[in-house]
Amino acid sequence: MSTIVDQYRITQEPYYRPVADEVELYEAAYSVRMPMMLKGPTGCGKTRFVEYMAYKLGKPLITVACNEDMTASDLVGRFLLSASGTEWQDGPLAIAARHGAICYLDEVVEARQDTTVVIHPLTDNRRVLPLEKKGELVHAHPDFQIVISYNPGYQSLMKDLKQSTKQRFGALDFTWPDPAVEAEIVAHEAGIDPALAARLVEIGARARNLKGHGLDEGVSTRMLIHAGRLMA
């Protein structure tokens, strides 16, 4: 029987090249449904990793791109007008909690702090989501897990996670892969010769060394792949 989250299932295996023991660490975290925080620079593979793990575990993945205009209602749900009056519509977080999906909040610090606190009851032993406007308490499905991405080097003091939020998550640190591994990734994703990929990675490494010396952010693996695709 199909469910509302079937549309969020990843049907084809995403390409992901493990660089350490992050796959095993995530599997251990999911086995106890620990909320997870993926820390690292933009474009280093955090989102692809979550997609790969959702596929590997056979779980639906609901991704939310956080932004400063996002409200708590955007996450949990709201009443909407319909032909028959008003009806409740679950938000992505409520859908994931109710039906047992992995909910991935991408760049969570872009959301306002008064919005992110709604995830707190789901990230401790309670594992509940209060729908205050509806007067309902959603108990999280046994398969539900929440994952957030976080870029510590990019955020200002005005845009950072509360300590009360950070301490609810286990953390996996991501960074740029070793040059040989990164060249392998760029060659595969861009469809270019490994030698050419290695030259691109070398340029990327030099650009990253300029961070703080005229560049706000180094060249990401994602950007190297874009460059490789244009060259191809």
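Which helix and which strand each supply at least two residues of the lining of the second largest pocket? In this predicted model, helix H3 (72-76) and strand E6 (128-131) are the elements that do so. The second largest pocket has a volume of about 220 Å³. Its lining consists of Ala-72, Ser-73, Val-76, Gly-77, Trp-88, Val-118, Leu-129, Pro-130, Leu-131, Glu-132 and Lys-133. When these residues are sorted by class, seven are nonpolar, two are polar and two are charged.

The largest pocket has a volume of about 630 Å³. Several elements give two or more residues to its lining, namely helix H1 (22-31), helix H2 (46-57), strand E5 (102-106), strand E9 (170-173), helix H7 (179-190) and helix H9 (221-231). Among these elements, H9 gives the most, with five residues. In total, 34 residues line the largest pocket, and those that lie nearest its centre are Gly-43, Cys-44, Gly-45, Lys-46 and Arg-48. The lining of the largest pocket comprises 14 nonpolar, eight polar and twelve charged residues.

One cavity of 30 Å³ or more is present, and the volume of the largest cavity is about 30 Å³. The residues that line the largest cavity are Val-108, Val-109, Ala-111, Arg-112, Gln-113, Thr-116, Asp-160 and Leu-161. Four of these lining residues are nonpolar, two are polar and two are charged.

Over the whole structure, five aromatic pairs are found. One of them joins Tyr-26 and Phe-49 in an edge-to-face arrangement, with 5.7 Å from centre to centre and 85° between the planes. This pair connects distant parts of the chain, since Tyr-26 belongs to helix H1 and Phe-49 to helix H2, 23 residues apart. Tyr-26 and Phe-49 are both buried. The two residues also take part in one aromatic cluster, which is formed by Tyr-16, Tyr-26, Phe-49, Tyr-52 and Phe-174.

Aromatic rings also meet charged side chains. The charged end of Arg-33 is placed over the ring of Tyr-30, at 4.1 Å from the ring centre. In another contact of this kind, Arg-208 lies over the face of Trp-176, and the distance to the ring centre is 4.1 Å.

The backbone was then considered. Most residues other than glycine have a negative phi. Against this background, Glu-107 has a positive phi, near 50°, although the residue is not glycine. Glu-107 is located in the loop between E5 and helix H5 (113-116). Is Glu-107 buried or exposed? Its relative accessibility is 18%; because the category of buried residues covers values under 20%, Glu-107 counts as buried. Arg-127, likewise a residue other than glycine, has a positive phi near 50°. The position of Arg-127 is in the loop between H5 and E6.

Conventions: Residues are numbered from 1 along each chain as its sequence is written. This is a predicted model: local features need pLDDT of at least 70, side-chain atom pairs count only at pLDDT 80 or more; totals for chains, interfaces and linings use all residues. Side-chain values use heavy atoms; hydrogens and water are left out. On a 1 Å grid over the protein atoms alone, a cavity is a set of points where a 1.4 Å probe fits but cannot get out, and a pocket is an open set with protein on both sides within 12 Å along at least five of seven lines; lining residues have an atom within 4 Å of a point. Grid points are joined across faces, edges and corners, and a volume is the space filled by probe spheres set on the points. Helices (H or I, at least four residues) and strands (E, at least two) are DSSP runs, numbered from the N terminus. Ala, Val, Leu, Ile, Met, Phe, Trp, Tyr, Cys and Pro count as nonpolar, Asp, Glu, Lys and Arg as charged, and the others, Gly among them, as polar. Buried means under 20% relative accessible area, exposed over 50%, partly exposed in between (1.4 Å probe, protein chains only). Rings of Phe, Tyr and Trp (its six-membered ring) pair if their centres lie within 6.5 Å; planes under 30 degrees apart count as stacked, over 60 as edge-to-face and the rest as tilted. A charge sits over a ring if NZ of Lys or CZ of Arg is within 6 Å of the ring centre and within 35 degrees of the ring normal.
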